[in-house]
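Here is a short report on a structure with more than one part to look at. Keep the picture open as you read.

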Amino acid sequence: MSTITYRDALNQALREEMQRDPSVFLMGEEVGVYQGAYKVSRGLLDEFGPMRIVDTPITELGFAGVGVGAAMVGLRPVIEFMTWNFALLAVDQLVNSAAKMRYMSNGQIGVPAVFRGPGGAALQLAAQHSQAFESWYAHIPGLKVVTPATPADAKGLLKSAIRDDDPVIFIEGEMLYNTKGEVPEGEHVVPIGRADIKREGHDVTLVCHSKTVSVALKTAEQLAQDGVAAEVLDLRTIRPLDTEAVLTSVAKTHRCVVVEEGWPFAGVGAQVVDTIQREAFDELDAPVIRVTSADVPMPYNKQLEKSAKADPAKVIAAVNQVLYRE
Amino acid sequence: MAESTAARPKSKSKGLDAARADEYRRWLRQMLLIRRFEEKAGEAYSLGKIGGFCHLYIGQEAVAVGSLGALGPDDYIVCSYREHGHALARGMSSRVVMAELFGKAAGCSGGKGGSMHLFDASLGFLGGHGIVGAHIPLATGMAFAAKYRETDQVAVCYFGEAAVNNGAFHEALNMAALWKLPAIYLCENNRYGMGTALERASALYDISERACSYDMVNEVVDGQDVLVMNAAMERAVQRARKDKLPTLLEVRTYRFMGHSMSDPIHGHYRTKEEVEDQRKRDPISVWSQRLIEDAIMDSDAVRAMDKEVLEEVDDAYQFADQAPDPEPGELFTHVYASPSNPPE
């Protein structure tokens, strides 16, 4: 176990999986010579050479399609999008090609590819560079959607994603790359589809993922000083959703707040709330409340941006509501 | 009015090689099979036995037959949604293709793909794809895989001329040329993207010239002459396999039917006279006459071959008609590799 950054944890996972399996390669903009726009691929070109660490032109649709084609004939591409904002150009390849190939071919052709890169807002990058798209991809049968929050989960889930036989949408947090945490060395694999309790509690469940895990943990810390024990449940995978973990926690706390970075309409939280009301209606002591980003394109102004994002103050207000506290 | 397919390409069949007589006869049989199969599919569509969209290949048979005849068994093939002919020419049985059109369990995609999504992984036939141009990068990816693994495989992508105005075409060809991939981009220029003539959609009339943007070898091919098509494809395959370089082939052909079964043969976008003029260069007549002239076959043999093909197509129709639907549980299979993941 060593303490490393989220970025280096991803780097470890890539390196180890490429050492383990010669069919794994990394392709994307600036992944090679430049060492990665966010330095996730630092050192990999030297170790694996240009056939396995492939710099592409700025052509998201094109290289996503190249990844799908290579995966259809048995390679295991890891396709890096510099950010998921740019991947909008490649959505057709992800939705119409990657997600549907196995079904359309009646199981003959799979697409064992990982599409990865940072999602969500960073700081003052404005409307076109500050978007959380996990709910879009989670809508699509045939895709898996993974959103690690910690360095250990980043490594363990990326290893699982690369070994997975289906297309995996792997959304990293732009603001998480520099965060540090303990990460097991070598073989550390976190299964896709399992949520994780990041802090135990019995008064209220805070469901979160990716960057909102840190928001929820800060909130729980503040609530603890006030005598409220919040349970922080990190979904880790959006699809397949670990409904069992959500329901188990809600059965314990009877109150729930969902915290997410996306917009409110048809977001990840809407799916979580639907599951809870269907499966655990009688367990609830209060309606479930969602804390999301404001329903606006992200503004550039620092203060406006801050008020658009989910933060501990908004989560505490929501917790007070579900606890019927002033 | 659009000029005739015969006018542009200058290439012409040379004398037939008697040593290839079996191959020549096989081409005619494949073209006849595609023609008769498509006629039957049109009939079945009218009877409501085939649903959805159904894009017939009538008029373009020599393109699939001549080009696929130049490939090896391990090569990869990716097609657009007008791919019944390619599936048959690659060696898929008329039964499994017709059964797929009927949506039956015995179909090549289990009845879950339909007319636009024919697959046979064992033949390297990696799909009919339904989004115009989107499958072109897939072929680039397969060619990349061949280079990555250091095999001598070739990836071939078939698409219509309307797809070249799509960004996917440009992105895919640029990378193939940049990385020197063994890919062949075969543009079947049948003149119309649905009802929009090439000259109303593309600033450049000669699609082959687009390859110059990528410093890629290109060739204009007469797609109504199966021998010319085959020879051009052999050159492209050689270039891919031996020289590891991609090629853009612009194949001039013509669709004798409407864009799909719901589109008339002629209408607002082309005249009856134009279609009739083009039908004078029916690829099957061109080739059968050639075989008769060169004494590879006589007209009785051609008629007998056609009769045999008609029987095969009738058999495929009966097979598809009588085959069972997929089991209801098939609705949920093959969404993911493992049925238990995701759990719901």
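Helix H9 (residues 243-253) and helix H10 (residues 268-279), both of chain A, have axes that come within 10 Å and cross at roughly 60°. H9(A) and H10(A) are therefore oblique to each other. H9(A) passes H10(A) in a right-handed crossing. On the H9(A) side, A:Thr243, A:Val246, A:Leu247 and A:Val250 meet A:Val272, A:Thr275, A:Ile276 and A:Glu279 in H10(A). By class, this contact has five nonpolar, two polar and one charged residue.

This is a predicted model: local features need pLDDT of at least 70, side-chain atom pairs count only at pLDDT 80 or more, and totals for chains, interfaces and linings use all residues. Residues are numbered from 1 along each chain as its sequence is written, while chains are lettered from A and ligands numbered from 1 in the order in which they are written.

Some terms need cut-offs. Axes are lines fitted to C-alpha atoms, for helices over the stretch in contact, with angles from 0 to 180 degrees between N-to-C directions. Angles under 35 degrees count as roughly parallel, over 145 as roughly antiparallel, 65 to 115 as roughly perpendicular and the rest as oblique. Residues are in contact if their C-beta atoms, placed from the backbone, lie within 7 Å.

## Where the chains touch

| Chain | Residues in the contact |
|---|---|
| Chain B | 36 residues |
| Chain A | 35 residues |

On the side of chain B that touches chain A, H5(B) gives the most, with nine residues. That side has 21 nonpolar, twelve polar and three charged residues.

Methods. Helix = DSSP H or I, 4+ residues; strand = E, 2+ residues; numbered from the N terminus. Left-handed = near helix turned anticlockwise from the far one by under 90°. Contact = placed C-beta atoms within 7 Å. Nonpolar A, V, L, I, M, F, W, Y, C, P; charged D, E, K, R; others polar.
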